[in-house]
Structures are given as C-alpha cells and as structure tokens.
Amino acid sequence: MTTTSHPSPVTLGVIGLGSMGLGAARSALRRGLATWGCDPQPAARAAFEQAGGRAVLQPAELAAHCDAVLVLVVNAAQTEAVLFGEHGLAQGLRPGAVVIASATVDPALPPQWEARLAERGILFIDGPVSGGAKKAAEGQMTVMASGSDAAFAAADAALSAIAGKVYRLGDRAGIGSTVKMVNQHLAGVHIASACEAMALGMKAGADPRQLYEVICHSAGMSWMFENRVPHILDGDYTPLSAVNIFVKDLGIVLDAARALKFPLPLAAAAHQLYLATAAMGLGGEDDSAVVKYYATLAGLDLPEPAPQASGAAA
C-alpha cells in the first residue's frame, strides 16, 4: 500500500495507544489521515501528541470527530466498555461511522456488538490484527476482517492506512475472530514448543546459538521459533507479547472448542505451560519466558543478558 500525498477527508480514531495502537495511529498520521488517539495513560497520550495527533482520555471525546474508529485494546471486557460503557463510543458516533474491533476475543461476541451498533446506524468490522508492534509501526499489520460491504467501504481509508494485508473473510462479524482464534492456537503452541525444544537441546549439551542456527535452516523451523528464540539467547524477556496474552488467548481457543465439543489436546497442554509460567510470577514477561519454566524443572542455566558497556544508554 502506498503513502498518500494529501490529507484524507476521513478522520480516524484509535482507542488503545499501546505498542500496537500507537504504531497504528502514527502510521495513519504519516499516510495523511487526521487521527485522534485515546488512552487512559498520560504517557501514551503525550507520545501520540508528540507525533502530531490529538489525544483524549475517554472514547466519547473523540466519537463526534471520527468517521472510523480502530479499537485496539486488550480483551473483550475493555472492548465492551469502549463501545457501550459510560464514556463509550456508541452514543457519540454518527450514523454511517464504522468501528473496527481488533482485540482477540471469543468469536461469539462480535456479532452481538455488530447488532447493538446497527441499532444506532453504526457500521462494524470484526477485524483482529496480527504483526506485533513492528508491523503496526510500519503500517503493515495483517487484518483478519469480516463485515458488511457497507462497513468495508466506510473502513477502506482507515484499513489502508494501518495494514499491509486486509483479508475479507465474510459478510458478518465473528468470522474474523474465528480466523484470529485459529492463528492464536498455532502461535501459542509454536512458542511453547520452541521453548520446550530449546530447553531440551541445552539440557542435552547443545550450544544454544548453534542449535538455533541449525533449526532455522531445517524442517523443524517455525516463524515463532525464528522470532522468539533470540529473546532466549539474549536473555531479554522484555514483553513484546507477554505470557499473560497467551493465558488469555489460548483460554479463548479452549472455551470455543469446548462449546463445539471439539478436542484440542495440544492447545490445552500449551495453555497449562503459560499458566505455570504465570504462576511463577512471570506473566508480565515476554511469552518466550515459558523456557524459564523448563529451566526451573531441569536445573538449567539460561543465557544471561549481555552486560551493557559503561555509559551506554539503557
């Protein structure tokens, strides 16, 4: 997608200026969209204002100004509050505006939100995203979207400003979240498997960096292995995606499967690993910290962070 050279008449609101939301909002500004941001944290609002956007505390404060609103919060409860809470969007958005809900949630919920917003003439895209903070900052997220033709037409400029790929998966809410749920099943299992495999190799005496290099050029490699194992090798568990995210997301996967009476033994085992890691007090660390669970069981010494040079920036 190309960067626009002139301002778009569409005004975008981004609710949730975390690592992905802030990146998406900055990308929209770069691509010519007038953009408002909303976050409860003063530091997040200040960061967006420094980039040239306008930031507010409550969703209702931006609703009247925006044609499209991207909701990039943590979970379903926060999404519900943003949409229908005391200071929510529903009462302030004009008919014909569109909401793009991007949190990973139970696929049963977006159809309910779509119906409630439709009563007010507001359009809805069930649009979970993937790509992490890096892709958000580049305006290259992948959006797994479903909704009506009218909703996609209203959301076109906003989606073009934040995404590298937009998959139209159906004409009703819920399908986008179903596809994201499957993605999170695979991502969660692959990360847990990568941590288990690396711990096994190190316990057996393999050099961890050589092990990583070989696996990345062998059939056992996965994108998550290639992406997450360097965190282990560097001893850096800064939470680009936290353990607690997969406690939540694999919980969604298992709840949906339970309703379908569908067995998921691999997802269940991976979920227990994230729960165990969180129970160790590591829920706020990067999801690659699952390796610490294995290290504790096996008495394994993991790589330590490289010492910073004297006078180096933190």
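Why are K134 and E138 separated by about one helical turn? The two residues are four apart in helix 6 (residues 132-138), so about one helical turn lies between them. Helices here are DSSP runs of H or I with at least four residues, strands are runs of E with at least two, and both are numbered from the N terminus.

Before going further, a word on what you are looking at. This is a predicted model, in which local features need pLDDT of at least 70, side-chain atom pairs count only at pLDDT 80 or more, and totals for chains, interfaces and linings use all residues. Residues are numbered from 1 along each chain as its sequence is written, and side-chain values use heavy atoms, with hydrogens and water left out.

How confident is the predictor? The pLDDT, its confidence in each residue on a scale from 0 to 100, averages 93 over the protein chain, and 95% of the residues score at least 70. Over residues 1-7 the pLDDT is below 50, and this stretch has twelve contacts in the model beyond near neighbours in sequence. Residues 309-314 also have a pLDDT below 50, with two such contacts. A contact means heavy atoms within 4.5 Å.

Now back to the pair from the opening. The side chains of K134 and E138 meet in a salt bridge, with 2.8 Å from N to O. The term stands for a side-chain nitrogen of Lys or Arg within 4 Å of a carboxyl oxygen of Asp or Glu. Side chains of opposite charge can pair when their charged atoms come close. K134 is exposed, with a relative accessible area of 56%, while E138 is partly exposed at 33%. For these words, buried means under 20% relative accessible area, exposed means over 50%, and partly exposed is in between, using a 1.4 Å probe and protein chains only.

The structure holds nine salt bridges, and two others are worth a visit. D67 and R94 pair through their side chains at 2.9 Å, N to O. This pair links distant parts of the chain, 27 residues apart: D67 sits in the loop between helix 3 (59-63) and strand 4 (68-71), and R94 in the loop between helix 4 and strand 5 (98-101). D67 is buried, with a relative accessible area of 19%, whereas R94 counts as partly exposed at 40%. D149 forms a salt bridge with R168, and their closest N and O atoms are 2.8 Å apart. Here too distant parts of the chain are linked, with D149 in helix 7 (residues 149-162) and R168 in strand 9 (residues 163-168), 19 residues apart. D149 is exposed, at 58% relative accessible area.

Strand 4 also contains L70, which counts as buried at 1% relative accessibility. Leaving aside neighbours within four places in sequence, L70 is in contact with L12, G13, V14, I15, A24, I100, S102 and I162.

Next, follow the chain to a helix pair. Two packed helices are described by the angle between their axes and the distance between the axes. Helix 4 (residues 76-84) and helix 5 (residues 109-118) pack at an angle of about 0 degrees, with axes 12 Å apart. The axes are lines fitted to C-alpha atoms, for helices over the stretch in contact, and angles run from 0 to 180 degrees between N-to-C directions. The two helices are therefore roughly parallel to each other; angles under 35 degrees count as roughly parallel, over 145 as roughly antiparallel, 65 to 115 as roughly perpendicular and the rest as oblique.

Where do they touch? A76, T79, E80, L83 and F84 in helix 4 meet L109, W113, R116 and L117 in helix 5. A76 counts as partly exposed, at 21% relative accessibility. Not counting residues up to four places away in sequence, A76 touches V105, L109 and W113.

Further along, helix 10 (residues 223-233) has M224, F225, R228, V229, H231, I232 and L233 buried. Their cover includes helix 8 (175-203), helix 9 (208-215) and helix 13 (290-298). Just after helix 10, G235 takes a positive phi of about 60 degrees. K261 has a positive phi of about 55 degrees although it is not a glycine. K261 lies in the loop between helix 11 (243-260) and helix 12 (265-282) and is exposed, with a relative accessible area of 75%.

Definitions and conventions: pLDDT = per-residue confidence, 0-100.
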